[in-house]
Amino acid sequence: MIKTDAVIIGAGPVGLFAVFELGILGLNAHVVDNLDKAGGQCIELYPDKPIYDIPALPICTGESLTKNLLEQIKPFKTTFHLNQRVDSITKKDKHWIVETSDKTVFETPNIIIAGGVGSFEPRKPPIKGIERFEQHNLFYSVKNKKNFDNQKVCIFGGGDSALDWVIELSKTAKKIFLVHRRDEFRAAQHTVNQMMKLKDEAKIELYTNYQPKNFAGEAKIEKVIIENNKKEIKELEVDSVLAFFGLKMELGPIVNWGLNLDNKTIIVNTENFETNEKGIFAVGDICTYPGKLKLILCGFHEAALAAQECFKRAKPDEKYIFRFTTSSSDIHKRLGIK
Amino acid sequence: MPKVTYIEFNGTEHIVEVDKGLSIMEGAVQNNIQGIDADCGGSCACATCHVYVDDDWIDKLPEQSDAEKDMLDFAFETKASSRLSCQIFVDENLNGVVVSLPEKQG
């Protein structure tokens, strides 16, 4: 069990800035995110797109904003718990017990939910009842490539993930089928060229303009049925299926935590952005209140105010004194400034 | 003001007026039409504003950008008539356009 002043759910820009606001008050935080890296939507959805409304930054990108925020919180040596999702929270006196999908457990007086539109989860093929295959031979990522040795593998998708694994697994698998809904591929051009070479050498079978229609089999997928634009159908015998249809965002377990919700967002007050539960705060795109704007800059403000209340809950015996970063020697010490 | 018809997956029809210059996605969000999530807020980055455009209207729409084609790879159950509604902006030429919503957005 990890004891900490605050658990922050979501490593997007607002979650990262919450680390800073807590840090200058002398509070430590642990950050949990379901992606494999910090940055949230800024990194996953639009790393290269320009953002023009961050105060005092005439232009930045999702990627550069994330990089700068990580630089800003460096002095606090924050621990990130990535590739996992907070599954449950339970009350213990005035504290909360937080448990993740990887069974990491925290005890904390403060939870700051900075979850954006929800956690990123793999998109699944549009076929009913495929959940039953997920424990067996339907995967949305490769955990251990040896599992595909000598197998007939069907890979869906046209991006870098799909093509990189086509190329990699073609070395050890018995057969690779690549299925994509159109002739063009999103993947990097040199990766596409490599894949095409494998196809020309008959090392893989490529089906473009085809989409998944059905997966046949009882416990395991035995046959993949695909259909093209002209309604022609092909059946592929497979040992396993890898589907790379990108990620989508889902609110997930948050809906079960007893928080007051309004259409996929969490209702908070505007004094300290606390929810209807003491010690649970929501900031950034996931919170709502009269006049709420889904802007990163609004999330920064919300995180700053939530942090003040977190301090009172984490250090009930200490007197809270508001200080500026320009002049406070305590803050300078925390930031490692000599 | 141009009119846009949104047909939900269950068949419910909504005919609403959408200001010129707004996207079909924004028209749906402003009028509380369920079935278009628009998670990324219209930056062609999430494929959760996927719609099927009525056959009579497909050719009247501006061509798809590469970015839209790329994002459509992620949409749930795409067809030849699939578009991302955040990339279609309403003007007089689109007065009366009809779009149907998919079963879900991902």
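Here are some worked exercises on the cysteines, cavities, aromatic rings and backbone of this predicted model.

In this predicted model, local features need pLDDT of at least 70 and side-chain atom pairs pLDDT 80 or more, while totals for chains, interfaces and linings use all residues. Residues are numbered from 1 along each chain as its sequence is written, chains are lettered from A and ligands numbered from 1 in the order in which they are written, and side-chain values use heavy atoms, with hydrogens and water left out.

**Exercise 1. Cavities**

Work out how many cavities of 30 Å³ or more there are, and describe their linings.

Step 1. Recall the method: on a 1 Å grid over the protein atoms alone, a cavity is a set of points where a 1.4 Å probe fits but cannot get out, and lining residues have an atom within 4 Å of a point. Grid points are joined across faces, edges and corners, and a volume is the space filled by probe spheres set on the points. The count comes to 2 cavities of 30 Å³ or more.

Step 2. Take the largest cavity, with a volume of about 200 Å³. It is lined by 24 residues, of which A:Arg181, A:Gln211, A:Phe245, B:Asp73 and B:Ala75 are the closest to its centre.

Step 3. Sort that lining by class: Ala, Val, Leu, Ile, Met, Phe, Trp, Tyr, Cys and Pro count as nonpolar, Asp, Glu, Lys and Arg as charged, and the others, Gly among them, as polar. The lining of the largest cavity has 12 nonpolar, 6 polar and 6 charged residues.

Step 4. Trace the lining to its strands, which are DSSP runs (E, at least two residues), just as helices are runs of H or I with at least four, numbered from the N terminus. Strand 14 (175–180) and strand 16 (210–216) of chain A each supply at least two lining residues of the largest cavity, and strand 16 of chain A gives the largest share, 3 residues.

Step 5. Turn to the second largest cavity, with about 40 Å³ of space. Its lining includes B:Cys49 and B:Cys86, as well as B:Met25 and B:Leu84. By class, this lining has 10 nonpolar, 1 polar and no charged residues.

**Exercise 2. Aromatic rings**

Count the aromatic pairs and classify the pair A:Phe273 and A:Tyr289.

Step 1. Rings of Phe, Tyr and Trp (its six-membered ring) pair if their centres lie within 6.5 Å; planes under 30 degrees apart count as stacked, over 60 as edge-to-face and the rest as tilted. There are 10 aromatic pairs over all chains.

Step 2. The ring centres of A:Phe273 and A:Tyr289 are 5.4 Å apart and their planes lie at 65°, so this pair is edge-to-face. Both A:Phe273 and A:Tyr289 are buried.

Step 3. Compare A:Phe322 and A:Phe324: with centres 5.0 Å apart and planes at 80°, this pair is edge-to-face. A:Phe322 counts as exposed at 56% relative accessibility, and A:Phe324 counts as exposed at 53%.

Step 4. Look for a cluster as well: A:Phe17, A:Phe20, A:Phe76 and A:Phe300 form one.

**Exercise 3. Positive phi**

Locate A:Lys77 and B:Cys44, and state the phi of each.

Step 1. A:Lys77 is not a glycine, yet its phi is positive, about 45°. This lysine, A:Lys77, lies in the loop between helix 3 (62–72) and strand 6 (79–81) of chain A, and is exposed, with a relative accessible area of 72%.

Step 2. B:Cys44 has a positive phi near 55°. B:Cys44 lies in the loop between helix 1 (24–30) and strand 3 (50–53) of chain B, and counts as buried at 9% relative accessibility.

Conventions. 1 Å grid on protein atoms, 1.4 Å probe; cavity = no way out; pocket = protein on both sides within 12 Å on 5 of 7 lines; lining within 4 Å. Buried < 20%, exposed > 50% of the residue type's maximum accessible area, 1.4 Å probe, protein only.
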